Amino acid sequence: KLYDLAKQAGYLTVRGTGYRKERKGSPVCNTFRQRCDALEEICVIVEKRADTDTLIIDFSTLRVRDDTQFVSLILENVLKAKYPDLYSATKNCDDDSCSIIQKPIIWDAVKTKPIWCVNERLITLNCARDVAKSLAIDVLKESMKFDANVVESIIETMPDHNDDVNSKSEDSEFDAIIVERIIETVPDRNDDTNSKSEDSDDSSVDFDDI
């Protein structure tokens, strides 16, 4: 029933983490993540708890090499624009109130492995129940603007945070820190370019590198 409701709503709601010891995880969460993977959509889950709910946004189901621009869209167009208190809370993600993208993208796994072998790329936020529901809906609406087939570098699509340093606001400084943190977890695109240039003198062609 939870899975059927999730298909209609676009996001999954579970009690607690949905964890089952005998199943070594949460079957419904794992199944929903596989569905999002098949549809190339972000995976949004609301964990209902006693005091507050936890919203989880997983970008790994987009299966892209660089998800920085998508994370930035959610942070800027949803959290910062509509939920400023939650956005401010992300400045203190060293505590248990939230977390933003902690695991790196392993590109080989993203290209070849099933989703349960791919690192989750999570934003998690604790919030009131009514806020969690509306936030989940707003995140899904924003995600409809994603184009997983055309992925551009965040450096090309975001303003240069190094310009006019003296005129930066506190939010601008924080945005730069978040972007830098996310970029650190994204594979270096120049790796492929450098490896190809090293092989340029070789008359043979390795089609695996194309």
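Is the crossing of H3 and H6 left-handed or right-handed? In this predicted model, the crossing of the two helices is right-handed. Helix H3 covers residues 68-82, and helix H6 covers residues 129-143. Two packed helices are described by the angle between their axes and the distance between the axes. For H3 and H6, the angle is about 140° and the axes lie 10 Å apart. That angle makes H3 oblique to H6, because only values over 145 degrees count as roughly antiparallel.

The contact draws on residues from both helices. H3 contributes Leu73, Ile74, Asn77, Val78, Leu79 and Lys82. H6 meets them with Leu135, Asp138, Val139 and Glu142. By type, the residues of this contact comprise 6 nonpolar, 1 polar and 3 charged.

The strands form an open sheet. It has 5 strands, and their order is E1-E2-E3-E5-E4. The pairing is mixed. Strand E1 (12-15) and strand E4 (98-100) stand at the edges. Each has a single partner strand, so one side of each is left without a neighbour in the sheet. On average, neighbouring strands are turned by 20° against each other, direction ignored.

Strands of a sheet pair through backbone hydrogen bonds, either parallel or antiparallel. Strand E5 (residues 122-127) pairs with E4 in the antiparallel sense, over 3 bridges. Within this pairing, Ser99 stands opposite Thr124 of E5. Ile100 stands opposite Ile123, also in E5. E5 also runs antiparallel to E3, to which it is joined by 6 bridges. Here Leu55 has Leu125 of E5 as its bridge partner.

How many of the 6 residues of E5 are buried? The count is 5, so E5 is largely enclosed by the rest of the structure. In the strand order, E5 sits between E3 and E4.

A further helix lies over the other part of the sheet order. Helix H2 (residues 27-39) lies across E1, strand E2 (43-48) and strand E3 (53-58). H2 runs at about 160° to E2.

Methods
Residues are numbered from 1 along each chain as its sequence is written. This is a predicted model: local features need pLDDT of at least 70, side-chain atom pairs count only at pLDDT 80 or more; totals for chains, interfaces and linings use all residues. Side-chain values use heavy atoms; hydrogens and water are left out. Axes are lines fitted to C-alpha atoms, for helices over the stretch in contact, and angles run from 0 to 180 degrees between N-to-C directions. Helices (H or I, at least four residues) and strands (E, at least two) are DSSP runs, numbered from the N terminus. Angles under 35 degrees count as roughly parallel, over 145 as roughly antiparallel, 65 to 115 as roughly perpendicular and the rest as oblique. A crossing is left-handed if the near helix is turned anticlockwise from the far one by less than a right angle, and right-handed if clockwise. Contact means heavy atoms within 4.5 Å. Ala, Val, Leu, Ile, Met, Phe, Trp, Tyr, Cys and Pro count as nonpolar, Asp, Glu, Lys and Arg as charged, and the others, Gly among them, as polar. Two strands pair if DSSP finds at least two bridges between them. Buried means under 20% relative accessible area, exposed over 50%, partly exposed in between (1.4 Å probe, protein chains only).
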